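Colleague: Could you take me through the aromatic ring pairs in this model? I would enjoy a close look at that one part.

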Amino acid sequence: LGQLAGWLPWHPLLPHTPPTGLQSDADYVGLTTVTVALAIFGTMYFTDRIGRILDQREDMLIRLNAALVESQRAIRELQQRRSRFMQTAAHQLKTPLAMVQTLANLIRDGVVTDRAGMLATCDKIVRRCRDGMAQVSELLALARVQEADPRRHSSARCDVAVVVTELYGRYLPVAREKGVELTWQYRTQLPMQVRVDPQDLTDCVGNLIDNAVKYTPAGGQVRIVALRGSRRIAGSSDGDGRRQEFVFIVVRDTGIGIPELAASPATGAGSIFDAFRRGHAAVAAGIPGTGLGLSIVREVVEQAGGYLHAHSEPGRGSTFTVAFPVIEEGVPGGAAKEPAGVSAAGD
């Protein structure tokens, strides 16, 4: 451009070549200038694009590395939890087995020789064996729930009234023998079909009823209520919030209560819902138990997409509410209102 305008003298790139005069041709100079400019800007553009792509890949690698670190941490935590679980399970199973061995040695070594003493010792052995079998059964139930595919609930169909009625018939003789009043009712004429595996629902509600009867003294009451209602789903973008139909199952007792639950009703890690965790009141009262029932309840509720709430007052009883999504097929009359007497506060 300088040579074309006469500002600069012409200097050939190759001194031995004859002059061509192209530096004085405006078309040639313009085309050359545009070509060089496009090359420069094209190089800058592609360099910027490549730089952006490399930055994105770097960010992706950073995120993947962070996710990998988090996964490794979760795996280590899971391994530690599994190790603690196995150690605790072994310790819990060792206790009744050691007692059975001790009692059997009393008979074998001739320490207990009279018929009445032998019968009493045998009764203790049977009770300890029953306790050990109960622990094994609950361990197998918890392992089955934890290792099963959570997606099984999406295709499952279960009638809450049928399951709870069967459980009521199973635990009614136990409650009567203990002197506890056990009642069961459901407050709706609408179908109570839920998307929960039937065996899981049986284990979940059965553990709640078993605990309620076990920790309620003679003369107390255990009430089982099932009803339908709607609940606002968290994270809805609309103003009123999207509501979903649930079946609420409430197990309320007048037992000794759970002080730990009254102090912290949360159901996360470190709560009374952890495996082998038992309330101090139950241990002090000498009531046998495995500490696995509430863990099974939490696992089933979380996997089925439901929710769980617990409320307790020491010396006055506890209330556990579990809710499972309703199967809406063929439901007349639309959604129901929030059920009276059951709320997030576990009233």
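Modeller: Happy to! Buried means under 20% relative accessible area, exposed means over 50%, and partly exposed is in between, with a 1.4 Å probe and protein chains only. This is a predicted model, in which local features need pLDDT of at least 70, side-chain atom pairs count only at pLDDT 80 or more, and totals for chains, interfaces and linings use all residues. Residues are numbered from 1 along each chain as its sequence is written, and side-chain values use heavy atoms, with hydrogens and water left out.

Both Phe-248 and Tyr-307 are buried. Rings of Phe, Tyr and Trp (its six-membered ring) pair if their centres lie within 6.5 Å; planes under 30 degrees apart count as stacked, over 60 as edge-to-face and the rest as tilted. By this rule there are four aromatic pairs. One of them joins Trp-184 and Tyr-186, with ring centres 5.7 Å apart and planes at 40°, so this pair is tilted. Trp-184 counts as buried at 17% relative accessibility, whereas Tyr-186 is partly exposed at 43%.

Phe-248 and Tyr-307 also pair, edge-to-face, with 6.2 Å from centre to centre and 80° between the planes. This pair links distant parts of the chain, as Phe-248 sits in strand 5 (residues 243–253) and Tyr-307 in strand 6 (residues 307–313), 59 residues apart. Strands here are DSSP runs (E, at least two residues), numbered from the N terminus. Ring pairs also bring in Phe-246, which forms a cluster with Phe-248 and Tyr-307.

Methods. Helix = DSSP H or I, 4+ residues; strand = E, 2+ residues; numbered from the N terminus.
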